[in-house]
Amino acid sequence: MTQPSPSWVRQGRAMFVVLHLLAVGLAAIPAPVGGMSRRAWKQPTVQGEIQAWADRLGVDADALESGLWDVAVQFMGARKKVLRPFRPYYFRLGTQQSWRMFVAPHRHPSRLHIDVWEGADWRNIYIQTTPGDDWMEEVLEGDRFRSALFRYAWPQYERPYRHLARWLAKRAADDFPDATRLRTRWYRKTTPTPRQMRRGTGPEGRFHSAFVVEIERSP
């Protein structure tokens with residue numbers, strides 16, 4: 001017959017469970033991690049959400065945004081202090097939350113376009129999730145890369161986005177021997193409404209964040 005565990009073992013186990021639930025529960029509280037950038041808040045998707053809530057509450061959108069920013073800054077500062085003692089625990093046990101749940105539909109998505117300059121004009125070689133224009137598709141549309149591309153279209157990720165363009169230029173040097181430059185840019189288009197979908201119409205998009213890199217080759 002199995003002997004019961006000593007009381008101090010049972011108490012220690014219960015304390016560990018309580019502390020674990022506390023640590024994970026605190027980290028799971030919704031927070032705008034990665035979104036504390038005024039430039040990011042000016043994106044059409046974010047502005048659309050702020051305007052929608054301002055209309056619901058009957059307040060001025062600019063005043064609502066300013067108030068939300070102040071609250072978010074204070075909340076994130078307090079959150080950082082509260083979670084600091086648990087950081088080593090999250091790291092050791094792998095319980096970090098590296099991504100956030102979606103809080104609203106992304107009504108203004110951006111799609112990556114890649115072009116190369118060959119002589120006198122740009123030639124398109126890749127459009128994200130578009131059959132035919134599929135250079136580097138096996139890499140750019142992999143599970144992990146899709147998550148990165150979603151972020152790189154936002155202004156706070158401009159630096160890694162430019163690193164991506166330079167890396168692509170190195171790959172293009174072998175695949176396009178006549179190309180001298182590579183250009184990356186994003187095409188942003190508002191998702192159509194159900195009525196527009198039924199009619200086969202929709203809003204026009206526009207390009208943004210174009211970045212041109214010289215294609216260098218070894219002598």
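## Basis of the description

Helices (H or I, at least four residues) and strands (E, at least two) are DSSP runs, numbered from the N terminus. By this assignment, Trp154 lies in the loop between helix H7 (143–152) and helix H8 (158–175).

This is a predicted model, in which local features need pLDDT of at least 70 and side-chain atom pairs count only at pLDDT 80 or more, while totals for chains, interfaces and linings use all residues. Residues are numbered from 1 along each chain as its sequence is written, and side-chain values use heavy atoms, with hydrogens and water left out.

Trp154 is buried, with a relative accessible area of 15%; the term buried means under 20% relative accessible area, exposed means over 50%, and partly exposed covers the range in between (1.4 Å probe, protein chains only). Trp154 and Gln43 are separated by 111 residues in sequence, but their C-alpha atoms are 7.9 Å apart in space.

## Aromatic pairs and charges over rings

The whole structure contains eight aromatic pairs. Rings of Phe, Tyr and Trp (its six-membered ring) pair if their centres lie within 6.5 Å; planes under 30 degrees apart count as stacked, over 60 as edge-to-face and the rest as tilted. One of the pairs is formed by Trp41 and Trp69, an edge-to-face arrangement with 5.0 Å centre to centre and 85° between the planes. This pair links distant parts of the chain, since Trp41 belongs to helix H2 (residues 38–41) and Trp69 to helix H4 (residues 61–83), 28 residues apart. Both Trp41 and Trp69 are buried. A further edge-to-face pair joins Trp117 and Trp122, with 5.3 Å centre to centre and 75° between the planes. Trp122 is partly exposed, at a relative accessible area of 21%.

Two of these rings also have a charged side chain over them, a contact that requires NZ of Lys or CZ of Arg within 6 Å of the ring centre and within 35 degrees of the ring normal. Arg38 lies over the face of Trp69, at 4.6 Å from the ring centre. The charged end of Arg181 sits over the ring of Trp117, 4.8 Å from its centre.

## Salt bridges

Side chains of opposite charge can pair when their charged atoms come close. A salt bridge is here a side-chain nitrogen of Lys or Arg within 4 Å of a carboxyl oxygen of Asp or Glu, and the count comes to eight salt bridges. One of them joins Glu65 to Arg38, with the closest N and O atoms 3.6 Å apart. Glu65 lies in helix H4 and Arg38 in helix H2, so this pair ties together parts that are 27 residues apart in sequence. Glu65 is buried, with a relative accessible area of 2%, whereas Arg38 is partly exposed at 36%. Arg38, Lys42 and Glu65 are linked in a network of salt bridges.

Glu158 is partly exposed, with a relative accessible area of 31%.

## Strand E3 and its neighbours

Strand E3 (residues 181–188) is mostly covered, with six of its eight residues buried. Strand E1 (residues 110–117) and E3 pair in the antiparallel sense over eight bridges; pairing requires that DSSP find at least two bridges between two strands. Ile114 stands opposite Thr184 in E3. Strand E4 (residues 206–214) also runs antiparallel to E3, joined to E3 by seven bridges. In E4, Val213 is the bridge partner of Leu182.

The side chains of Asp115 and Arg183 meet in a salt bridge (3.1 Å, N to O). Asp115 is buried, at a relative accessible area of 2%, and Arg183 counts as buried at 15% relative accessibility.

## Nonpolar surface patch

Phe16, Val17, Leu21 and Leu93 form a nonpolar patch on the surface, with about 390 Å² of accessible area together. Patches are made of residues with over 30% relative accessible area and no salt bridge; like charges are joined within 9 Å, and nonpolar side chains (Val, Leu, Ile, Met, Phe, Trp, Tyr) within 5 Å. Accessible areas come from the Shrake-Rupley method with a 1.4 Å probe, and for residues only the protein chains shown count as cover. Helix H1 (residues 7–28) gives the most to this patch, with three residues. Leu21 lies in helix H1 and is exposed, with a relative accessible area of 57%.
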